[in-house]
Amino acid sequence: MQDRERLIVIGNGMSGMAAVEHLLEKKKEMSITVFGAEPHVNYNRVLLSSVLSGETGFDEIILNPVEWYESHGIKLHLKASITKIDTVNKTIISDRDEVFPYDKLLIATGSTPFIPPVKGIESDKALPPGIFTFRNLDDTRSMIEWAHRSRKAIVIGGGLLGLEAARGLVKQGLEVTVAHLMDRLMEVQLDAAAADILKKEITRLGIQVLLSHCADEIIMEDGDLKGIHFTNGNIHEADMIVIATGIRSNVRLAMEAGLTVNRGIIVNDYMETSVPDIFAVGECVEHRGTVYGIVAPLMEQSKVAAAAIAGDRTHSYKGSVVATKLKVAGIPLASIGNVYRGVGGIVGGEEIVYSDRGASVYKKLIVQGGRIVAATLFGDLNGYNRYLGMIQGQEDISLQRNTLLLGQPQATASVASMPDSATICGCMGVSKGEIIRAIEGHGLTSKQEISDKTRACTSCKGCAPLIEQILQDVLGGEYVRQEGQPLLCECIPMVWGDVRREVMARGLKSVSQILNTIGNGTGCDNCRPALNYMLSELYIDEYNKESDALLINDHFHANIQKDETFSVVPRIYGGVTTSDQLRRIADVADKYRVPMVKITGGQRIDLLGIGKEELPSVWSELGMPSGHAYTKAVRTCKTCVGSLFCRYGVQDSITLGIEMEQRYQGVPCPGKLKMAVSGCPRNCAETAIKDVGVIGIKTGWEIYVGGNGGVKVRLAELFTVVETMEEALDITGVFIQYYRENARWMERTSHFVERVGIEHIREVVLEDKHGIVERLRKRMDEVVAAYKDPWIFKHNGKIKVVSDPIQHLPVKAV
């Protein structure tokens, strides 16, 4: 007996996998098998033009990596085509003659490129060498490879895809000409005036435009492409031709199976076909007489299909207001509704137009019966969401006609005033409500996290400002805007968080590997140490360490001075030492004629003026652990004598301080991290200006974070109050780990707390609203367990078990 329903998905593209993702969210127990004709996992086809132009790598457009399929128990068959659907026996047959039974079937076969009748091209055979369609990743890779040995390219088709292909080939260094059958570019979306502005802008990019040109014959000589002949008699030289003349729904399989097919596979409002238990979504589908070729409607279809497959018929698909917001060869364009029908195609329709050809800005609204039914925005998309809301809501605009196109400020498009059903990401069809639910349900705090969870803002990025507004509205003052973050370096022009995500996603484990993969290949003295820290934070010791990625201090495990000698600062836990340690320090100072021995502000002893070649023997003879006074790491924990000796002390600050320093010694951090513990509110250990400070009070301990005593003094902020030392150790460890993972390189806790906000950090560390405290705690345990003193382990020096001078305070062996 079959325990779970068997769902087979024919098509591993965006719409099919979107339906699977929604189905998984519904916790529907199904056995899911996916067949994809391509050899690749699901990727974002919208970004193929960016891959062609070299602006984006393939890895960056992957939507569902192999691990995603595996983690959800999805059986994935790549490079596998389905040749037959047996609707009677409910089975499918693959091109390997394998038979697979199904209970539910989802057809998401997409579309195929339309090849116009041109002499020299046979539609049922492979294209001649040098001639390409621009439909999938393999097309794109082949085009890039061919472009590297080509000089002149002709793109047949002046629609969106053709113009994007032309721009990509220009970026590859080719001379590019676009030949278009109609009298204007993008005639489906633009009228003559807007298309004229577009042509001007396209020409500025170095692309020649031929209008009213119909391809007649491909010119070949000895098997090599030489050019193309047009029906008007013109001949143009080319060693590369791209055909981008539209698409046709891929309905062959459905038609042969007996499903009702017109231009696409006919579906009802639940995405059901004419055969029970067979559903269809995407570009292969025709719904209420319309075939959609843009992503947003397909994402809406996928949600409904997933619900119907799961047995939920509360959601239905009524069709979409076709709304696209994109960049045509880098120029912003938005089209809402059936603009191409023009006034003549809409009874009683009239136009409201704003045109500034010199500024390349064009806006047109088509109004019928006092309501906007279509809109075109070119060059300036201000007002897009407002017009989209008016069209979807059928708002009467009779009293607003005079101001509709007159410089509406961005502020008027406040997201707060939009209904939850409003589409925020037109590319991927993501609504305001979906984004809010994702933020609240999964604790999202950044635009990147929203993109990862909902797919919003993964294509043209035009919705980024709206997502920022939603984050601000939902999270309030604790939201830290991501835009404006400094780039890590010109060698890797990305912000810190994006670099970290790329390193994790790609499994990069050396600085040189990172630089070669997402950087300029070489790096510099600024970014190499930063990347080395990132690797240590991500992988602890399980990465390839490279000496040229270290700061000079880290290379020698000592602090270089202006005369190129070094200072040696052995660790003295909590500022408490022994006579034996002092003798060893004195003996080393005498033997190596140390020019200066100084008490530091961190309650340690600094030996200044040590030669580079003397460092190994100095550390070996000292027999004490490193104080890490040279590096970006946890350094010292300053203490007062507390309740052990002080008449004002209310808590044992020395014991807690020693335990904190022993636990967190040398833990790598984005910036140096100093700690202090005071035994009473008199704060003799200067706790209030430390990165992490603890102050004893009669009922327990106050924990402070984010202080700084440097050039810009900042008082630490009260984080929380606890009763026991164990709680203080635990919370400070979780905070330090959260700081390690989320601060930028060289960002001290003072700046980190200011940037992120103390309330937000409390929600994460104390209230565990993001559900990550246990992970942070375990990660800190792993970091602590992996600690190795740089000199003891490097030089096999022997460290004795150290006893605290106060006999009842044992100090742990190093």
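Predicted model: local features only at pLDDT ≥ 70, side-chain atom pairs only at ≥ 80, totals over all residues.
Residues are numbered from 1 along each chain as its sequence is written, and side-chain values use heavy atoms, with hydrogens and water left out.

**Exercise 1.** Classify the ring pair of Phe-35 and Phe-100.

Solution. Start with the rule: rings of Phe, Tyr and Trp (its six-membered ring) pair if their centres lie within 6.5 Å, and planes under 30 degrees apart count as stacked, over 60 as edge-to-face and the rest as tilted. The structure holds 11 aromatic pairs. In this one, the centres are 4.9 Å apart and the planes stand at 70°, so Phe-35 and Phe-100 are edge-to-face.

Helices (H or I, at least four residues) and strands (E, at least two) are DSSP runs, numbered from the N terminus. Phe-35 belongs to strand 2 (residues 30-36) and Phe-100 to strand 6 (residues 99-101), so the pair ties together parts that are 65 residues apart in sequence.

Last, check burial, where buried means under 20% relative accessible area, exposed over 50%, and partly exposed in between (1.4 Å probe, protein chains only). Phe-35 is buried at 2%, and Phe-100 is buried at 17%.

**Exercise 2.** Find which ring the charged end of Lys-509 sits over.

Solution. The test is that NZ of Lys or CZ of Arg is within 6 Å of the ring centre and within 35 degrees of the ring normal. Lys-509 has its charged end over the ring of Tyr-539, 4.8 Å from the centre. Lys-545 does likewise over Tyr-543, at 4.6 Å.

**Exercise 3.** Describe the surroundings of Lys-638.

Solution. Begin with its place: Lys-638 is in strand 34 (residues 634-639) and is buried, with a relative accessible area of 11%. Its side chain reaches the backbone oxygen of Gly-601 at 3.1 Å. Then list neighbours, with contact meaning heavy atoms within 4.5 Å. Not counting residues up to four places away in sequence, Lys-638 touches Gly-601, Gln-603, Met-675, Ala-676, Val-677, Ala-685, Glu-686 and Lys-690.

How values were computed:
Polar contact = N/O pair within 3.5 Å; in protein donor to acceptor, adjacent residues only side chain to side chain.
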